[in-house]
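Please keep the sequence and the coordinates at hand while reading.

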Amino acid sequence: MRKKTFYLIGSISFICWTIIICYLFVHKPLGKGFKYKDVTIQVEKLENELQSQLKVNEYLLMHLKALKKQIQETGKDLKRILEENPSALSIQTERKAINTEDTICVLLLACNRVTVARSLEKLIKHRNNDLSFPIIVSQDCNHEQTTNVIKRFGDQITLIQHPDQSDIFLPPREKKFKGYYKIARHYRWALNQTFHSFGCNTAIIVEDDLDIAPDFFEYFRGLYPILKTDPTLWCVSAWNDNGKEGQVANEPTLLYRTDFFSGLGWMLTKETWLELLDKWPRAYWDDWIRHPAQRKDRACIRPEISRTKTFGKIGVSNGLFYEKHLKYIKLNEKFVPFTKLNLTYLLKDNYDVAFLKSVYGSPSVSIQELLSGNIETNVAVRITYKTKDEFKRYAKVLKLMEDFKSGVPRVGYRGVVSFVFQNRRVYLAPIPEWKGYDTSWT
Ligand SMILES: *[C@@H]1O[C@H](CO)[C@@H](O)[C@H](O)[C@H]1NC(C)=O
Ligand SMILES: *[C@@H]1O[C@H](CO)[C@@H](O)[C@H](O)[C@H]1NC(C)=O
């Protein structure tokens, strides 16, 4: 009996031991060098890259189809079209160069907001079948619902998807800002695709929450030659940070130079992109781009009346900022034929002389005089600020943006902020002997 019990216990122990060993063997990680998850990520990355490449090919095909249509509709033969536009077939000789000289690509960055449909509808409507503005939608986040919404636009747009969806490892105190890291990573990838894979020479960058003015494309098209010829310019922006109703003149043609990079619908050239690409930051790209090391004293063009307006981001912390400020930005409604206007007055040498003359040639008044409305002339006036705090105090009572980025106030040019107060042009300006921005002003 004791022998039987002994065998029984022995067998049970043996079975248990075998089970445990088997369990451990199956579930044990296969050593440090082999991570199943890494391989999956690699394979997914490759898959996504191949898919992006397919998109580029699709885009080329679309371009060829457009050319074919042109041949059919105009009855011209290919030879004739090529004579008129020698670069029309450049895609065949140089696979990546899909551009004709006047192509301006539109890059829309999307993520997980289905409201991207509203932005796309406006872009397509106001583009008015002008295929020299191809629309590329770059989607981050792999949000399926949003992908489906974008796909509904068919071949009116080209959808590419950011392949790198890997997690970003951050120290604990940075973790809550992970979104900013993902945005910077997506921007870098999408801009590289636009300029590198699609071969665009110029791009207009928009996001998934923008309405645009009817002359949005005309504005960028008209300013393109100015951006190309003036090396002291590095962007054209559609946005006026102080563009609220009542703070802008009803002058849709009025444009300014500004030292402030404002984004929200902006155009940049490939040359500028190549300069930024290698040092593109891991996060907070918009503050980074405003830093003197990037800006190098260059300016942007901005309109008096905005050509974009955000319709609000859902579930983002700037909800309050939207309710208090962005909601009131005036969107231009009147079409201005910018391509037919002489815009050379915006070139630095012409502009600076005239601008400084109108700012410092206008009578200086105190903030009290301005607020009380006790000013005898009807012309533009100037308010002088000498310190950062003084600027902020005035900006606050005048309901202007109060912040500085790398020492530059929003919409400022040579420190001057131009706006309308009680139907009068006002310049909030530093002293005439101004020597440059103080980057410690924040
Ligand atoms: C830009 O994109 C091309 C094509 O996808 C790729 O080969 C290249 O490495 C990218 N460059 C950078 C800096 O990401
Ligand atoms: C544009 O305006 C400038 C003056 O600002 C003038 O010198 C130039 O000749 C004009 N160009 C054309 C094409 O009219």
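The structure, which is a predicted model, holds 21 salt bridges. Side chains of opposite charge can pair when their charged atoms come close.

Asp215 forms a salt bridge with Arg307, and their closest N and O atoms are 2.9 Å apart. Distant parts of the chain are linked by this pair: Asp215 belongs to the loop between strand 5 (210-212) and helix 8 (216-229), whereas Arg307 belongs to the loop between strand 9 and strand 10 (308-310), 92 residues apart. Are these two residues buried or exposed? Asp215 has a relative accessible area of 0% and is therefore buried; Arg307, with a relative accessible area of 0%, is buried as well.

Arg257 is the partner of Asp230 in another salt bridge, for which the closest N and O atoms lie 2.9 Å apart. Because Arg257 is situated in strand 7 (residues 255-258) and Asp230 in the loop between helix 8 and strand 6, the pair ties together parts that are 27 residues apart in sequence. The relative accessibility of Arg257 is 1%, so this residue counts as buried. Asp230 also counts as buried, because its relative accessibility is 5%, and buried means under 20%.

The salt bridge between Asp352 and Arg414 has its closest N and O atoms 3.8 Å apart. Here Asp352 is part of helix 13 (residues 348-360), and Arg414 sits in the loop between strand 13 (408-409) and strand 14 (417-421), so the pair connects parts that are 62 residues apart in sequence.

Strand 6 (residues 233-237) is mostly covered, five of its five residues being buried. Which strands are joined to strand 6 by bridges? Strand 9 (residues 299-303) runs parallel to strand 6, and three bridges join the two. Within this pairing, Leu233 has Ala299 of strand 9 as its bridge partner. Strand 8 (residues 266-269) runs antiparallel to strand 6 and is joined to it by two bridges; there, Ser237 has Trp266 of strand 8 as its bridge partner. In a regular strand the side chains alternate between the two faces of the sheet.

Attention now turns to ligand 1. The residues around ligand 1 are Arg188, Asn192, Gln193, His196, Ser197 and Leu277. Which helix gives the most to this shell? Helix 7 (residues 178-197) does, contributing five residues. Sorted by class, the shell comprises one nonpolar, four polar and one charged residues.

Two side chains of the shell can be described at the level of atom pairs. In Asn192, a side-chain N or O atom is 2.3 Å from an oxygen atom of ligand 1. In Gln193, a polar side-chain atom lies 3.4 Å from an oxygen atom of ligand 1. Ligand 1 taken alone exposes 360 Å², and the protein buries 49% of that area.

Note on methods
Residues are numbered from 1 along each chain as its sequence is written. Chains are lettered from A and ligands numbered from 1 in the order in which they are written. This is a predicted model: local features need pLDDT of at least 70, side-chain atom pairs count only at pLDDT 80 or more; totals for chains, interfaces and linings use all residues. Side-chain values use heavy atoms; hydrogens and water are left out. A residue is near a molecule or strand if one of its heavy atoms lies within 4 Å of it. A polar contact is a pair of N or O atoms within 3.5 Å; within protein, one must be able to donate a hydrogen and the other to accept it, and residues adjacent in sequence count only if both atoms are side-chain atoms. Accessible areas come from the Shrake-Rupley method with a 1.4 Å probe; for residues, only the protein chains shown count as cover. Helices (H or I, at least four residues) and strands (E, at least two) are DSSP runs, numbered from the N terminus. Ala, Val, Leu, Ile, Met, Phe, Trp, Tyr, Cys and Pro count as nonpolar, Asp, Glu, Lys and Arg as charged, and the others, Gly among them, as polar. Buried means under 20% relative accessible area, exposed over 50%, partly exposed in between (1.4 Å probe, protein chains only). Two strands pair if DSSP finds at least two bridges between them. A salt bridge is a side-chain nitrogen of Lys or Arg within 4 Å of a carboxyl oxygen of Asp or Glu.
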